Amino acid sequence: MKFYLMHLMPYADLDLDYDKEYNSAWITLPNSYYDPKKGAKLYNRYLDELEYADPLGFDGVCVNEHHQNAYGLMPQPGVMAGALARRTKNVKIAILGRALPLLNNPVTVAEEFAMVDNITEGRFIAGFVRGIGAEYHAWSANPANSHERFHEAHDLIIRAWTETGPFAFEGKHYQFEYVNLWPRPYQNPRPPIWIPSQGSSETIDWASHPDRRYTYLQTFTPVAMLAKYMQMYKDKANEHGYEATPDQLGWSVPIYVAETDEQAIAEARPHIENFLNKFLRMPKEMLLPPGYLSLKSMMGVMKAKSSIGQKQTIEAVMEKGMFICGSPATVREKLKEYHSQIGFGHLLSLLQFGTLPAELTRKNMELYAKEVMPYLRDSTVVRSAAE
Amino acid sequence: MAHSEGFETITGCKVRVMRGGAGAPLVFLHGASGAAKWLPFMEELSSRFEVIVPEHPGFGQSDTPEWLDSISDLAFFYHDFIDHLGLGPVHLMGTSLGGWVAAEMAVRSCEMLRSLTLVAPAGIHVPGVKRADMFLMSPEELTEALFHDKAMAANMPQPASEEELMVVLKNRLMTAKLGWSPRFHNPDLKKWLHRVSVPTMILWGDDDRLLPAAYGPAYRDLIPGATLEVIARCGHLPHVEQADLFTRKATAFIEGVAA
């Protein structure tokens, strides 16, 4: 198993009473809530944390894209990847991802990713997503065309990376007379591609196709759902006539490790609950604009009793396995158990979340890197050798 | 008077059409919430006209055709619709999104039109006038925003079955596809509204929060000879909220044209 440090870079200095006046930390929350003096300090602190993953022995660091919100301050994640490219030496750098349907020109992403791949001499991992629904409000991208634009932009980027240019591209949404990428990607034929998702059979079917075999990354989901979707990927691969490897399956989850279980819960509680109730806060219409889901899935959402807007607790997310929290022994045991049940090859840990301050983030990273990762590396190596 | 409901296949797309009454043909183009039911104002108008109410492609029980990407597609479709049904020159009436379609039809050709009635039509952008964002509203918030009279808003029926809810979701999806960006307008439309060569009346509720009444004068000034009627104590749906007054004004205008 490989270990990655994921960061969202939240605006941790957010006035948490904002919700007395606004119903979301996204899109409609005025940016007067953002103080550049505090934001500058946070950016540099968060980049320090990602850089620290290198000497701590992580396999990679991950950034992603969100727009117009306090939840994640990386509207342009390529800036972060560029900063990390020169300050890290060993870790992979993953952008998970860019939201392709938002783009008016997908070639910009092909170029940006190829540049990072060159600067890092191939330490780059590319992520492609549709983005969460709020991004369609933020960028005025039409959610009803989300699927079409995702596939067309993806096809264009792959061709730009793998075909000798110049070539012309004539799509429904994108048209180019000349596509001729300078630089070409460093990795041959292209960087690895990961597809983060909160769970979609359509996405799994597409990612697992033999032409792609992309790594499917399940993000922030109850562990029961994780197991279901990972199995779905393996079944799809079997249907396609091949066996999925652990390298094709990843899981992204917030984790907090402290000296004891009690201390871990006490230290993490306010910060994970802020993450859930303050930073993720948005109305259903913002999260799920028309067309983001199929009509059938949308019908399911409308009928289901909505948990959006209900106050969530640390106990509830720990119970569901959406947050792993405890002493090193507890965290080791849980992760080992999930790994042996589910068999993912990439584990992305979100070790800073919500308002978690610098000292606790650092302690969390050190305990995780020293007391959890080596143990799991050994046990999962043994396991795969025994297979 | 009884109205009929049926389906027509036009330009490869099956659409549901309600028809009622006799007289000069009047085609009504509905807004974002569709045309599931024969409404009192339709019944009123059908005492003077043959009222024809299609459900747009992509809405309600009509098919969603592969070719439908934009309001422009709908404008050309409805020219096909009038030709296919052999309606001859029609009185064209459209509201909100449907008013936008009607305006786009009229700039393309007025050959098959006798008059144009635009009811709080979308289609243009007026700088500095703030529109409400229906896509950030819950169903309850949207219903409230549509009406001046809160009591009337509270009495509006909500989807009563899974089937009706599916129609709401389908209408909302196509509304987004057609109107998400640029938001409910076509930047090119205002360049060509001078081509409208039939008598035109624009109606607007004075308390329209979705498309404020300040859009009315802007629209009127772009269409040669157009008149504007602002209806007091009325939201975005004058044909529902002030149905009697609306019908009287529309009938007087259309019959005045015919005379």
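This is a predicted model: local features need pLDDT of at least 70, side-chain atom pairs count only at pLDDT 80 or more; totals for chains, interfaces and linings use all residues.
A residue is described here as buried when its relative accessible area is under 20%, as exposed when that area is over 50%, and as partly exposed in between.

The side chain of Glu255(B) meets that of Arg48(B) in a salt bridge, with a distance of 2.9 Å from N to O. Arg48(B) lies in the loop between helix H1 (40-45) and strand S4 (50-54) of chain B, whereas Glu255(B) belongs to helix H10 (residues 243-258) of chain B, so the pair ties together parts that are 207 residues apart in sequence. Arg48(B) also counts as partly exposed, at 45% relative accessibility.

Over all chains, a search of the whole structure finds 26 salt bridges. One of these is formed in chain A by Arg269(A) and Glu315(A), whose closest N and O atoms are 2.6 Å apart. This pair links distant parts of the chain, since Arg269(A) is in helix H8 (residues 261-279) of chain A and Glu315(A) is in helix H11 (residues 314-319) of chain A, the two being 46 residues apart. Arg269(A) is partly exposed at 30% relative accessibility, and Glu315(A) is partly exposed with a relative accessible area of 42%.

In chain B, a further salt bridge joins the side chains of Asp69(B) and Lys177(B), at 3.7 Å from N to O. Here too the pair links distant parts of the chain, with Asp69(B) in the loop between S4 and helix H2 (71-85) of chain B and Lys177(B) in helix H6 (residues 162-179) of chain B, 108 residues apart. Asp69(B) is partly exposed at 31% relative accessibility, whereas Lys177(B), with a relative accessible area of 18%, is buried because this value is under 20%. Asp69(B) also forms a salt bridge with Lys172(A), for which the closest N and O atoms are 2.8 Å apart. Asp69(B), Lys177(B), Lys172(A) and Glu148(A) are linked in a network of salt bridges.

Across the interface of chain A and chain B, the rule finds 1 salt bridge, together with 6 residue pairs in polar contact, both residues of each pair being at pLDDT 80 or more. On the side of chain A that touches chain B, helix H4 (134-138), helix H9 (284-287) and helix H10 (295-303) of chain A each supply at least two residues. Of the elements of chain A, H10(A) gives the most to this side, with 6 residues. The residues of the side of chain A that touches chain B divide into 11 nonpolar, 6 polar and 4 charged.

The contact between the chains takes 21 residues from chain A and 18 residues from chain B. The area buried between chain A and chain B is about 1,800 Å², and carbon and sulfur atoms give 72% of this area. Glu285(A), Leu295(A) and Met299(A) supply 33% of the area that chain A buries against chain B, which is more than any other three residues supply.

Several backbone features were also identified. In chain A, the peptide bond from Gly165(A) to Pro166(A) is cis, with omega near 0°, and Pro166(A) is found in the loop between helix H5 (146-162) and strand S5 (167-170) of chain A. The peptide bond from Trp182(A) to Pro183(A) is likewise cis, with omega near 5°, and Pro183(A) is placed in the loop between strand S6 (175-179) and strand S7 (193-197) of chain A.

A positive phi, near 50°, is found for Arg213(A), a residue other than glycine. Arg213(A) is located in the loop between helix H6 (201-208) and strand S8 (215-219) of chain A, and its relative accessible area of 41% places it among partly exposed residues. In chain B, phi of Arg233(B) is near 50°, again a positive value in a residue other than glycine. Arg233(B) is found in the loop between strand S8 (227-231) and helix H9 (238-241) of chain B, and Arg233(B) counts as exposed because its relative accessibility, at 55%, is over 50%.

Terms used:
Residues are numbered from 1 along each chain as its sequence is written. Chains are lettered from A and ligands numbered from 1 in the order in which they are written. Side-chain values use heavy atoms; hydrogens and water are left out. A salt bridge is a side-chain nitrogen of Lys or Arg within 4 Å of a carboxyl oxygen of Asp or Glu. Helices (H or I, at least four residues) and strands (E, at least two) are DSSP runs, numbered from the N terminus. Buried means under 20% relative accessible area, exposed over 50%, partly exposed in between (1.4 Å probe, protein chains only). Contact means heavy atoms within 4.5 Å. Buried area is the accessible area (1.4 Å probe) that two parts lose on being put together, summed over both. A polar contact is a pair of N or O atoms within 3.5 Å; within protein, one must be able to donate a hydrogen and the other to accept it, and residues adjacent in sequence count only if both atoms are side-chain atoms. Ala, Val, Leu, Ile, Met, Phe, Trp, Tyr, Cys and Pro count as nonpolar, Asp, Glu, Lys and Arg as charged, and the others, Gly among them, as polar.
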